[in-house]
Amino acid sequence: MTEKDIKKLRALSREIDDLYVSGKDKKGQGKLQEALEISKNSNEAYHLFFQGEMAGYLENDPEKQGALLDGAVRLRPDDYFLLSQKGISLGKKGLLDEAIEYLDKALAIKPDDYVSLRNKAVSLGKKGLLDEAIAYYDKALAIKPDDCGSLRNKGVSLAKKGLLDEAIAYFDKALAIKPDDYVSLRNKGVSLSKKGLEDEAIAYNDKALAIKPDDCDSLRNKGVSLSKKGLEDEAIAYNDKALAIKPDDCDSLRNKGVSLSKKGLEDEAIEYF
């Protein structure tokens, strides 16, 4: 397999990620099957990688996904794309220092890889290093100004700093590029809620849910806004919807308890805290 063929597989991987982020799961699954067929007899490392993507997206098995990705990296230890994917995987597991280490390895090989820059920023943000995170989003955007993920995630970091209007401006930039990015829609809803604009927040959560009805975060966040409006029964209903998808979601459990407490049902509320 030539380097040109490998570049096509990398581009296909990013297309798959974009489809899933846009809630187009069936199209994403079709592209995954295509990637598996292409890589099956041509590149063992990338075939392992796409098997891992299948385990993550379709089987919801991060352990299997991680093991397959490790196998891919062992076969191609100097492949910046696979090193970057390993860093992303570690970041999702909360192993942020290890994630940054792998992303730095990828960037040492390809300093202009905007995806690695963006994901290093994600890990820095999770460590609470928001200014450093924003600086890396800016580096990614200097290379690819229309990178929806960097625009959106810079908005998230700005929101965490309390800069809500600036955050909303970045969510709007992301949505101008990709109107069906439900994560940007959801995060714009969060910032609107923090500004006390609950009706507008609910409208953006509804837009996110129209694209991805099983998005636990949007369901929970809509419940938060409903509770702020004093609509506790409706809030509880949305927390229940979130918990039906993710029964161990601590925030939904706590929020349901808060709503029950506001209704004066203290004994029931205690069970959810």
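The structure described here is a predicted model. The buried residues of α12 are Glu198, Ala201, Ile202, Tyr204, Asn205, Ala208 and Leu209. These residues cover an arc of only 165° around the axis, which places them on the same side of α12. The cover over the buried residues of α12 includes α11 (182–194) and α13 (216–228).

Asn221 is found in helix α13. Its relative accessible area is 16%, and because buried means under 20%, Asn221 is classed as buried. When residues up to four places away in sequence are not counted, Asn221 touches Arg186, Val190 and Asn205.

A search of the whole structure finds five aromatic pairs. In one of them, the rings of Tyr46 and Phe49 have centres 6.4 Å apart and planes at 75°, so the pair is edge-to-face. Tyr46 and Phe49 both lie in helix α3 (residues 44–57), where they are three residues apart, about one turn of the helix. An α-helix has 3.6 residues a turn, so residues three or four places apart point the same way. Tyr46 counts as buried, at 0% relative accessibility. Phe49 is likewise buried, with a relative accessible area of 2%.

Phe49 also forms an aromatic pair with Phe81, again edge-to-face, at 5.5 Å centre to centre and with 85° between the planes. This pair links distant parts of the chain, since Phe49 is in helix α3 and Phe81 is in helix α5 (residues 80–92), 32 residues apart. Both Phe49 and Phe81 are buried. Ring pairs link Tyr46, Phe49, Phe50 and Phe81 into a cluster.

Leaving aside neighbours within four places in sequence, Phe50 is in contact with Leu9, Ser13, Ile16, Leu32, Ala35, Leu36 and Ser39.

The charged end of Lys105 sits over the ring of Tyr102, 4.4 Å from the ring centre. The charged end of Lys110 sits over the ring of Tyr80, at 5.6 Å from the centre of that ring.

Asn60 is found in the loop between α3 and α4 (62–75). The phi angle of Asn60 is near 50°, a positive value in a residue other than glycine. At 65% relative accessibility, Asn60 counts as exposed, because the exposed class begins over 50%.

Glu101 lies in helix α6 (residues 96–109). With 43% relative accessibility, Glu101 counts as partly exposed. Glu101 and Leu83 are 18 residues apart in sequence, and their C-alpha atoms are 9.5 Å apart in space.

Ser150 lies in helix α9 (residues 148–160) and counts as buried, at 0% relative accessibility. Not counting residues up to four places away in sequence, Ser150 touches Arg118, Tyr137, Ala140 and Leu141. Ser150 and Ala174 are 24 residues apart along the chain, and their C-alpha atoms are separated by 8.4 Å.

Note on methods
Residues numbered from 1 in each chain as written. Predicted model: local features only at pLDDT ≥ 70, side-chain atom pairs only at ≥ 80, totals over all residues. Heavy atoms only, no water. Buried < 20%, exposed > 50% of the residue type's maximum accessible area, 1.4 Å probe, protein only. Helix = DSSP H or I, 4+ residues; strand = E, 2+ residues; numbered from the N terminus. Arc of directions from axis to C-beta. Contact = heavy atoms within 4.5 Å. Phe/Tyr/Trp six-rings, centres within 6.5 Å; stacked < 30°, edge-to-face > 60°. Lys NZ or Arg CZ within 6 Å of the ring centre and 35° of its normal.
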